[in-house]
Amino acid sequence: MNSKRQNKIAIGALYGIAGLVVLILLALLGYILASGVPQLSWHFLTAPAKAFLKGGGVGVQLFNSFYLLILAMAISFPIALGAAIYLYEYARDNWVTTTIRTAIEILSSLPSVVVGLFGFLFFVVKLRLGFSILSGAFALTFFNLPLLTRSIEDSLRTINLEQREGGLALGLSRWETVTRVILPAAVPSILTGVILSAGRVFGEAAALIYTAGQSAPALNFADWNPFNISSPLNPMRPAETLAVHIWKINSEGIMPDAKAISSGSSAVLIIAILLFNFTARYVGKRLYKRLTSA
Amino acid sequence: MSKEILTTQDLHLYYGEKEALKGINLNFDAKGITALIGPSGCGKSTYLRTLNRMNDLIPNVTITGTITFKGENLYAPNADTVEIRKEIGMVFQQPNPFPFSIYDNVIYGLRIAGEKDKEKLDAVVEKSLRQAAVWDEVKDHLHESALALSGGQQQRVCIARVLAVSPEIILLDEPTSALDPVSSSQIEATLLNLRHDYTIIIVTHNLQQASRIADRTAFFMNGELVEVDQTKNIFMNPAKKQTEDYISGRFG
Ligand SMILES: Nc1ncnc2c1ncn2[C@@H]1O[C@H](COP(=O)(O)OP(=O)(O)O)[C@@H](O)[C@H]1O
Ligand SMILES: [Mg+2]
């Protein structure tokens, strides 16, 4: 009787907490979207920003965010995948792997502003990359690599020993077992990890302020030669992202419609992250099918 | 050439310091079913896994003695474990189909070996699934996930997967202990079908199962081979007292 009631109370409390979390999330999303979506227009999404006049857009920032995201992912994903495969599938437990793991642990708990400062000192100043997409992408890689490695390693861990033995017992080599059995089986879970980290990277501001910079020179979207300074693809140009833009407007924005632009940008950021999740899920399923029936 | 396809001489295996196999001498003729029985922890799985070198995966394992497969030393320095495992396939206690379609599961070994001919692959899928006695149940959804099948069907797909790479020897480690009685008897029927074409070595803790399907039975205890003989003799007329005690359920 007593324990039954305790149980009921506990379950009630847990439901309450879960409900509260969902409520907070919905309220946040609702607030951001409600105040931001009315600001959205094709003009807002594509026009360059204006420093002290009304009516600027976030086109350049939006492009920068995606470009940086893609570059950062292109650099960090192969490294993280290789590291995770090595650590989980090949390395035996010894002091080398323990050291690597500890390093990853520490790296992943560094505040991103510290990563940003390191990026500033090392990439921007020391390697003379300047405030540039490249500096930003390297900083994001540092920020992203440890978490991505850990999440891929966790994905590999979810594939149980029986699968590995099944592959080996069929006469597959170790490498074939990893690439043809374990990885395909782990794709959905790896992809979830990649999406989550993409969302974090996309929304990251602190690591970029001193690396990719806080200015977004107008781009010529007709010029795709990466060596031209106004080309969107030029990796050496400074590139304020959407998240940095929000931070900047709120701290020192002097345009008359700063509040509206900040709300609009936040809505764009949230919508983009939500879109990631949905499309990536779809892509994940497709990819899984292709890998397993090639 | 002798009829013996697989021989083990004075086989010792140590997990670190612990001696798990204490000098096993046991040979297998080509074709037919041999059952390995004995109390749990006596080394049956360990022994079975030395036969296709699956113990190589475990750190700190030391193996001494000789195992030959068709006259060649399995543990020779230049022996190719990948080739060995194609000749000596293995089915595990827990059905472990890959999370792919049934079709892909069966042809996975061949496909990775580079076989591309669709007709040939189709033929192998059908033949293997028929041999494993699961064709009729799965033929209409070959392209659906193998994970959607029942445990017994999964296990037979795993057997088909091994058959598809045409091994000479099939090792099975308690393949029915995770299955219900009906599925178990289907697996047994499958094995009886295969015994004319393959050398089958099965670990089982189910004595009735051994007596139903095995031509020969080997009794292990404490890392030693106590006795091996025709199944009939082991069950009706064992030579050793320990065997008799175990068979009559006095321990284990
Ligand atoms: N990976 C391992 N590491 C250390 N000891 C092991 C390992 N696998 C099995 N053993 C030990 O070896 C002995 C034989 O085990 P096993 O071959 O699994 O027995 P069985 O299959 O007959 O139940 C047991 O005492 C077991 O604890
Ligand atoms: Mg066992």
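Author: A salt bridge here is a side-chain nitrogen of Lys or Arg within 4 Å of a carboxyl oxygen of Asp or Glu. The model is predicted, so local features need pLDDT of at least 70 and side-chain atom pairs count only at pLDDT 80 or more, while totals for chains, interfaces and linings use all residues; side-chain values use heavy atoms, with hydrogens and water left out. Residues are numbered from 1 along each chain as its sequence is written, and chains are lettered from A and ligands numbered from 1 in the order in which they are written.

By that criterion, the whole structure contains 18 salt bridges over all chains. One of them pairs R111(B) with D104(B), whose closest N and O atoms are 3.0 Å apart. R111(B) is classed as buried because its relative accessibility is 17%, and D104(B) is likewise buried, at 5% (buried means under 20% relative accessible area, exposed over 50%, partly exposed in between, with a 1.4 Å probe and protein chains only). Salt bridges with shared partners also link R101(A), E153(A), D154(A) and R157(A) into one network.

In chain A, a further salt bridge joins the side chains of E89(A) and R164(A), with 2.3 Å from N to O. E89(A) belongs to helix α3 (residues 59-90) and R164(A) to helix α7 (residues 161-169), so this pair ties together parts of chain A that are 75 residues apart in sequence (helices, H or I with at least four residues, and strands, E with at least two, are DSSP runs numbered from the N terminus). Both partners are buried, E89(A) with a relative accessible area of 9% and R164(A) with 11%.

In chain B, the bridge between K86(B) and E83(B) has its closest N and O atoms 3.7 Å apart. Both of these residues sit in helix α2 (residues 81-87), three residues apart, which is about one turn of the helix.

The shell around ligand 1 includes Y15(B), K18(B), S40(B), K44(B) and I58(B), where a residue is near if one of its heavy atoms lies within 4 Å. Strand β2 (18-29) and helix α1 (44-50) of chain B each supply at least two residues of this shell, and α1(B) gives the most, with three. By class, the shell holds four nonpolar, five polar and two charged residues (Ala, Val, Leu, Ile, Met, Phe, Trp, Tyr, Cys and Pro count as nonpolar, Asp, Glu, Lys and Arg as charged, and the others, Gly among them, as polar).

On the surface of chain A, a nonpolar patch that includes I106(A), L107(A), F118(A) and Y210(A) has about 970 Å² of accessible area together (patches are made of residues with over 30% relative accessible area and no salt bridge; like charges are joined within 9 Å, nonpolar side chains, Val, Leu, Ile, Met, Phe, Trp and Tyr, within 5 Å). Helices α4 (95-109) and α5 (112-126) each supply at least two of its residues, and α5(A) gives the most, with five. L107(A), in helix α4 of chain A, counts as partly exposed because its relative accessibility is 32%. T97(A) also has its place in helix α4 but is buried, with a relative accessible area of 2%, and its side chain reaches the backbone oxygen of N94(A) at 3.0 Å.

Finally, two backbone angles deserve mention. Most residues other than glycine have a negative phi. D10(B), in strand β1 (residues 4-15) of chain B, instead has a positive phi near 45 degrees, and N222(B), which is not a glycine, has a positive phi of about 45 degrees. N222(B) lies in the loop between β9 (216-221) and β10 (224-230) of chain B, while D10(B) is partly exposed, with a relative accessible area of 42%.

How values were computed:
Areas by Shrake-Rupley, 256 points an atom, 1.4 Å probe, with all protein chains shown as cover. Polar contact = N/O pair within 3.5 Å; in protein donor to acceptor, adjacent residues only side chain to side chain.
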